[in-house]
Amino acid sequence: LRRQRQMCIRDRLGSVAAARSDDVTVIYRPVWTPGVETKNFGSVTRVVVTAGVEFPATSDVTHYALETGGDTAEAFEVGALRLLNILKGLLAENAPVHVQLAVPNRGPAALFAGLAGMMRAAEQESGGSLTAQLVEVDPSLSPVDIDARLGRETVSDGHVPVSYTHLTLP
């Protein structure tokens, strides 16, 4: 009989993942590689997904809001599923689209910045038709100011498509 070891990984939200190994030590080391560059499509649809920040109803972009109230872990799970459905729909259209995820730079809803990984995966699966960007904003800004800043933060051809930017520090 082989002796098996079990390791347990717990993330900041308390989720647990278990894995077995045969007397092998597993060490993970992050490796950063350059992202896919944005392609110039001429006319690109801009989609804004917000979590914990207000966005103006009068904006000329498509907007989706993720619910952030109540239990943080449950809200994150519901938000992740909603974002997944949004991204699936955009990928199915196969049209050039730039998706911005706007989250506050402080407070419990700042944890929604973790959804940028899902956006990055969708970007890689899109074949270049979808670009994704995380933008952290000061939650005390007005919705109109947030819209204007997101517009200025939109990436253009040749820039890294995911930007971890604090627009205003507290």
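User: In what order do the elements of the protein chain run from the N terminus on?

Analyst: The model is predicted, with local features needing pLDDT of at least 70 and side-chain atom pairs counting only at pLDDT 80 or more, while totals for chains, interfaces and linings use all residues. Residues are numbered from 1 along each chain as its sequence is written, and side-chain values use heavy atoms, with hydrogens and water left out. Helices (DSSP runs of H or I, at least four residues) and strands (DSSP runs of E, at least two) are numbered from the N terminus. The protein chain has three helices and seven strands, and from the N terminus on their order is β-β-β-β-α-β-α-β-α-β.

User: What percentage of the 170 residues in the protein chain do buried residues make up?

Analyst: A residue is called buried under 20% relative accessible area, exposed over 50%, and partly exposed in between, using a 1.4 Å probe and protein chains only. Of the 170 residues in the protein chain, the buried share is 36%.

User: Among contacts in the protein chain between residues at least 6 apart in sequence, what percentage join residues at least 24 apart?

Analyst: Contact here means that heavy atoms lie within 4.5 Å. When contacts between residues at least 6 apart in sequence are considered, the share that joins residues at least 24 apart is 66%.

User: How many Å does α1 reach from its first C-alpha to its last?

Analyst: The expected span of a helix is 1.5 Å times one less than its number of residues. With its 22 residues, α1 is expected to span 32 Å, and its actual reach from first C-alpha to last is close to that, at 31 Å.

User: Within what arc do the buried residues of α1 fall, seen down its axis?

Analyst: The buried residues of α1 are Ala-75, Phe-76, Gly-79, Ala-80, Leu-83, Ile-86, Leu-87 and Leu-90. An arc is that of the directions from the helix axis to the C-beta atoms. The buried residues of α1 line one face of the helix, because, seen down its axis, they fall within an arc of 135 degrees.

User: Which residues are exposed on the other side of α1?

Analyst: The buried residues of α1 are covered by elements that include β3, β4 (62–66), β5, α2 and β6. On the other side of α1, the exposed residues are Glu-74, Glu-77, Asn-85, Lys-88 and Ala-92.

User: Which residue with a positive phi follows α1?

Analyst: Most residues other than glycine have a negative phi. In the loop between α1 (72–93) and β5 (97–104) there is a residue that is exposed, with a relative accessible area of 55%. Although not a glycine, this residue has a positive phi of about 55 degrees, and the residue in question, following α1, is Asn-94.

User: How are the planes of Phe-76 and Phe-112 arranged, and what is the pair therefore called?

Analyst: Rings of Phe, Tyr and Trp (its six-membered ring) pair if their centres lie within 6.5 Å, and planes under 30 degrees apart count as stacked, over 60 as edge-to-face and the rest as tilted. The structure holds one aromatic pair, and the rings of Phe-76 and Phe-112 have centres 5.5 Å apart and planes at 50 degrees, so the pair is tilted. It links distant parts of the chain, with Phe-76 in helix α1 and Phe-112 in the loop between β5 and α2 (116–125), 36 residues apart. Both Phe-76 and Phe-112 are buried, and with planes at 50 degrees the name for their pair is tilted.

User: Which elements do the buried residues of α3 pack against?

Analyst: In helix α3 (residues 143–153), the buried residues are Ile-146, Asp-147 and Leu-150. They cover an arc of only 100 degrees around the axis, which puts them on the same side of α3. On the other side of α3, Val-144 and Arg-152 are exposed, whereas the buried residues pack against β3 (45–51), β5 and β6 (130–137).

User: With which side chain does the side chain of Arg-46 make a polar contact?

Analyst: Arg-46 belongs to strand β3, and at 17% relative accessibility Arg-46 counts as buried. Leaving aside its neighbours within four places in sequence, Arg-46 is in contact with residues including Val-61, His-98, Asp-147 and Leu-150. A polar contact is a pair of N or O atoms within 3.5 Å, where within protein one must be able to donate a hydrogen and the other to accept it, and residues adjacent in sequence count only if both atoms are side-chain atoms. At 2.8 Å, the side chain of Arg-46 makes such a contact with the side chain of Gln-100.
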